[in-house]
Amino acid sequence: MTTQPERSDNRRSDTQRPRSEQSGTERPGSGWSRREGRGSVGRVHGIVAGLLTAAVALGVAQLVAGVTRPEGSPIVAVGRAVIDITPRPVTDLAIKVFGTHDKLALLTIIVVVLAVCAAGFGIAAMNRLEAGLTGLAVFAAIGLLAVATRPDFTPGEVAPTLLGAAVGAYTLVRLARVARYQVGAQASPQVGAPASPEVGAPASSEGGGPAARPAAQVVRHDRRSFLLTGTVAAVGAAASGVIGDLLSQRSTVSNARTHVRIPRPARPAPPLAVTDELHIPGLSPFVTRNSTFYRVDTALLVPQVAPGSWKLRVHGMVGRELVITFDGLLRRPLTEADITLCCVSNPVGGPYIGNARWLGVPLAGLLREAGIRAGADQLLSTSTDGYTSGAPVAAVMDGRNALLAVAMNGVALPVQHGFPARMIVPGLYGYVSATKWVTDIKVTTFGAEQGYWVQQGWAARAPVKTQARIDVPNGNKTLKPGKVAVAGVAWAQHRGVAVVHVRVDGGPWHQAKLATVPGIDTWRQWVWDWAATPGTHRLQVRATDETGYTQTPAQAAPYPNGATGWPTVKVTVSS
Ligand SMILES: Nc1nc2c(c(=O)[nH]1)N[C@H]1C(S)=C(S)[C@@H](COP(=O)(O)O)O[C@H]1N2
Ligand SMILES: [Mo]
């Protein structure tokens, strides 16, 4: 560092110095001279100082959060708070525009807003340091509020924000001092005139006597000290941010997860038949791989729940409360079942659906053990991060494979799919049934309580709607005339898909060939061989379920209880 504190201190307030010592010809009041040029230099330094201050504060916060608990990161906490208070239409739009990058987009917006404010506070700090520090304090307060209002808040989580703000404040003070000196020096009207006697004290050994040093040299010298201080701040911010992120990402439970031994099912699912799979290029495989299974949740950071400390509490309108540990759960007889899970937000033809072989403890058995009291009609389940969803007691108790799942496609639940345990109820959309990282099941009524999305206006009762999807052709490339396999999946969980029809250009419906299925809780592959003719065509599909219901052509948006309409794909066939 080339700056010396006492020197900078003397620069803190120009007005405290005798007028004769002040550089420049006019110096109104306090702070920066309004002279041409000086203001813009001050602004540039202010912006840089503000951005660096924010970067250092956030970098240090990330570092501390990485060392302690990632949930304590103020950026993440503010992001989660924004998700919670954003009205659903806006979230929907964001999901539509950004797809699975919606969370990255959110963090980017937060960072940009913060950067703009930080630049403003940096400029303010060049005038009055207190103004900049106040700005920093306001942001720290917002961060603390966001951190402290999370449902899984622990007091230690204030540390990242507090330490980040403290180091940020220190950075701002340093940068403001160096910047002021530099600009003051640069504004010196005469070559050879010292900016002020005190300032003339050499910061480093180089250069001649203080009073004799030309202003140009002073400027260069101080540009260097601003650059140096700034560089140290930037490097420090980047390093602590990167290290903090790496620390946060080392999944604390992924190691524990690899050591979980999933027992064999007491009730295995029937082996998959070769005829469950139609083997058509581009068609969704019957079993969705865990790595490609869609993910939908409100968690900005995937909850890290250690199986050793996981407990499930079953309480509310029950005869006796249950508390189950993970080991206790694995000792119970496990049921294996093929179940297709889908999201109510899935648009017609959309990707938010997947089929997996789940393994878990039947929820009905647990609830019978607890004893459901008369009048209860809702199971309100809560995740470690405070997310809630409510499933009908009747659906869970009617004999279907409603599971407290511990494994997915033969391995312990992936962390992002709810490790160590989640709910799966065939026939219900995920938002009313499939709570991941579940630790609490309360037997209650629909009248008394509402799950997370229901509070946002989504339907309280949400059975999956009968739907089909065209996977191939997808309309992206020109087809050759002749035989074209039109294929996809259709689903009507817990009712079963009975028939799938395809039509071209609004013509007659043709019955598709169906793959076999292990039960009524999964999607079903279908294919129809089309004799394609040159030109552009419109392919449409509709499914009929085992109750005899054919999916409606009426187009409806996902809100409030699931999209409807016939999926349509436009294709071009060459001549
Ligand atoms: N804890 C938690 N569980 C949750 C959610 C959530 O936001 N938080 N989202 C639900 C929704 S809307 C769906 S569609 C499914 C998606 O499960 P997946 O991510 O494993 O595919 O999880 C459900 N369980
Ligand atoms: Mo969902």
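Predicted model: local features only at pLDDT ≥ 70, side-chain atom pairs only at ≥ 80, totals over all residues.
The protein chain has 575 residues, and buried residues make up 51% of them. Its secondary structure consists of 13 helices and 18 strands. One ligand is described below, and the protein buries 99% of the area that ligand 1 exposes when taken alone.

**Overall fold**

- The accessible surface of the protein chain is about 25,200 Å². Carbon and sulfur atoms account for 60% of that surface.
- Of the contacts between residues at least 6 apart in sequence, 75% join residues at least 24 apart.

**Ligand 1 site**

- There are 19 residues around ligand 1, and those that come nearest are Y294, T298, H417, R422 and K436.
- Sorted by class, the shell around ligand 1 holds 9 nonpolar, 5 polar and 5 charged residues.
- R422 is among the nearest residues, and an N or O atom in its side chain is 2.7 Å from an oxygen atom of ligand 1.
- The backbone also takes part: an N or O backbone atom of V296 lies 3.0 Å from an oxygen atom of ligand 1.
- At A434, a polar backbone atom is 3.0 Å from a nitrogen atom of ligand 1.
- Taken alone, ligand 1 exposes 530 Å², and 99% of that area is buried by the protein.

**Helix α5**

- Helix α5 runs over residues 102-127 and has 26 residues.
- The buried residues of α5 are K103, A105, L106, I110, L114, A118, A119, G122, A125 and M126.

**T171, a helix residue**

- T171 belongs to helix α7, which covers residues 159-186.
- The relative accessible area of T171 is 9%; this is under 20%, so T171 counts as buried.
- Not counting residues up to four places away in sequence, T171 touches T53, V56 and A233.

- A266 sits in the loop between α9 (254-258) and β1 (311-316).
- With a relative accessible area of 52%, which is over 50%, A266 counts as exposed.
- Leaving aside neighbours within four places in sequence, A266 is in contact with P333 and L334.
- A266 and L359 are 93 residues apart in sequence, while their C-alpha atoms are 9.9 Å apart in space.
- D377 is in the loop between α11 (363-370) and β5 (378-383).
- D377 has a relative accessible area of 27% and is partly exposed, because that value falls between the 20% and 50% cut-offs.
- Beyond its neighbours within four places in sequence, D377 is in contact with A391, P392, V393, T444, T445, F446 and R461.
- With F446, the side chain of D377 reaches the backbone nitrogen at 2.7 Å.
- D377 and A394 are 17 residues apart in sequence and 6.8 Å apart in space, C-alpha to C-alpha.

**Cis peptide bonds**

- F419 and P420 are joined by a cis peptide bond, with omega about 5 degrees. P420 is in the loop between β8 (411-412) and β9 (422-424).
- V472 and P473 are also joined by a cis peptide bond, with omega about -5 degrees. P473 is in the loop between β11 (467-472) and β12 (482-491).

- N409 is a residue other than glycine with a positive phi, near 50 degrees. N409 is in the loop between β7 (403-408) and β8, and is partly exposed, with a relative accessible area of 24%.
- W437 also has a positive phi near 50 degrees and is a residue other than glycine. The loop that holds W437 lies between β9 and β10 (438-444). W437 is buried, with a relative accessible area of 3%.

Technical notes: Residues numbered from 1 in each chain as written. Chains lettered and ligands numbered in written order. Heavy atoms only, no water. Near = heavy atom within 4 Å. Polar contact = N/O pair within 3.5 Å; in protein donor to acceptor, adjacent residues only side chain to side chain. Areas by Shrake-Rupley, 256 points an atom, 1.4 Å probe, with all protein chains shown as cover. Nonpolar A, V, L, I, M, F, W, Y, C, P; charged D, E, K, R; others polar. Helix = DSSP H or I, 4+ residues; strand = E, 2+ residues; numbered from the N terminus. Buried < 20%, exposed > 50% of the residue type's maximum accessible area, 1.4 Å probe, protein only. Contact = heavy atoms within 4.5 Å. Expected span 1.5 Å × (residues − 1).
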